Amino acid sequence: MGLQDRNEKLFYKVLTSDIERFMPIVYTPTVGLACQQYGIAFRRPRGLFITSHDRGHIETLFKSWPATTIKAIVVTDGERILGLGDLGCYGMGIPVGKLALYTACGGLKPQECLPVMLDVGTDNEELINDPLYIGLKHKRIRGQAYDDLLDEFMEAAVSQYGRNCLIQYEDFANRNAFRLLNKYRNLYCTFNDDIQGTASVAVAGLLAALRITENKLSDHTVLFQGAGEAAMGIANLLIMGMEKEGIPKKEAIKKIWMVDSKGLIVKGRASLTSEKEVFAHQHEEMKNLEDIVNKIRPSVLIGVAATAGAFTKRIIKDMASFNKRPIIFALSNPTSKAECSAEDCYHLTEGRGIFASGSPFDPVTLPDGRTFYPGQGNNAYVFPGIALGVVSCGVRHINDDIFLLTAEVICQQVSKKHLDEGRLYPPLVAIRDVSLKIAVKWNLGLRTLLLT
């Protein structure tokens, strides 16, 4: 960050000179530690901090920002930073890091990108008592006051920067993430990366895995450890993918099971949200994940609950016992929250496991000499290309079809050699080319739509 402040051109030159080496520093997993220690590392503000006390003056704050042309905004309220929980204003590291990748991986001009922190307080008592905490030291405002602040923020952003300005929502808690996405998606050029971006990169990995298993999405039974933003986003995009293969939506839903903090989501279970209710099947209630895996016998196991070590050795061995090529995705960030390690997956499945993670893992060499390079389901494969496509096409609304299209484009960049090495994603060195291909596909898709 010091280099970025001193010499921005050199910062991006260094970052793009070896993106595979430096991305883990500006993004996961290091960005999680940076957010936790943000008060210690803080030297000067980067990005725009909007507090709940700025109601009625948000447009004035935008007008005070030095750059007059902004094409992309990443905004958070810091309530659910990665798998680390409520970090309040310390969560500003996420929008800053994401937008650095908008430039490094998507080619957007850094001066046209704006990180925004909506400071509405924090429910983290440690931060409230932290003398270095840079945010408002009170409980989070909620209800109508919160909604009014968000409404004013969206209206002011569009008023200042136009309808084509991309507004990416990042690390909002479940209670707000789905609600705000549904509220704003048809009114503004906006998407939620935790819901839609994660879905796109996860489905891209699954589509690549199908080239190994040599079957279709609809041939698989998928079990999610977690039922939050990421799980719901992935599940809904999987349903779209299965429908595209020709099976009805009701049949696609039956192939998806979810486990939350209270156990298997089944019909008749108390306190199910409307999102969870969709995936509640007729089944006895179960709480232990090992027993659930053994009972459901999924072919795909996806972890998105930030529960470290949730995929035990027994679970991995069970997955290998009833699947020729078990698909195991430990997608929680940062690395300390991963459901299992790449080493455990490959060793316990004798190299038959098809693995992907949210954070990077080192290559794994088995006793027989085979070396696997774990695929990282990194959202950076998605959001820079999405941003480039939005800005270049002048898109005003982003629908879910775009994210399925993006997943297909990413999958197409994975070669047979990559698959043999255990990679489900193209090497990070090719990420700028992937972003360009996503944007080009957008352009072709929009032109086709206009001609028809």
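Modeller: Let us go through some labels one by one. This is a predicted model, in which local features need pLDDT of at least 70 and side-chain atom pairs count only at pLDDT 80 or more, while totals for chains, interfaces and linings use all residues. Residues are numbered from 1 along each chain as its sequence is written, and side-chain values use heavy atoms, with hydrogens and water left out.

Biologist: What makes K98 and D193 a salt bridge?

Modeller: A salt bridge is a side-chain nitrogen of Lys or Arg within 4 Å of a carboxyl oxygen of Asp or Glu. The closest N and O atoms of K98 and D193 are 2.4 Å apart, so the pair meets that definition.

Biologist: What does this pair tie together?

Modeller: K98 sits in helix 7 and D193 in helix 11, so the bridge links parts that are 95 residues apart in sequence. Helices here are DSSP runs (H or I, at least four residues), numbered from the N terminus.

Biologist: Why is K98 called buried?

Modeller: Buried means under 20% relative accessible area, exposed means over 50%, and partly exposed is in between (1.4 Å probe, protein chains only). K98 has 2%, so it counts as buried. D193, at 0%, is buried too.

Biologist: How do you know that R175 and E79 form a salt bridge?

Modeller: Their N to O distance is 3.8 Å, and the limit is 4 Å, so the pair qualifies. R175 lies in helix 10 and E79 in the loop between strand 2 and helix 7, so the bridge ties together parts that are 96 residues apart in sequence.

Biologist: Are R175 and E79 each buried or exposed?

Modeller: R175 has 52% relative accessibility, so it counts as exposed. E79 has a relative accessible area of 8%, so it is buried. Salt bridges that share partners also join E79, D123, R142 and R175 into one network.

Biologist: How many salt bridges does a search of the whole structure find?

Modeller: It finds 33. One of them joins R140 and D77, with the closest N and O atoms 3.8 Å apart. R140 lies in the loop between helix 8 and helix 9 and D77 in the loop between strand 2 and helix 7, so this pair ties together parts that are 63 residues apart in sequence. Both R140 and D77 are buried.

Methods: Helices (H or I, at least four residues) and strands (E, at least two) are DSSP runs, numbered from the N terminus.
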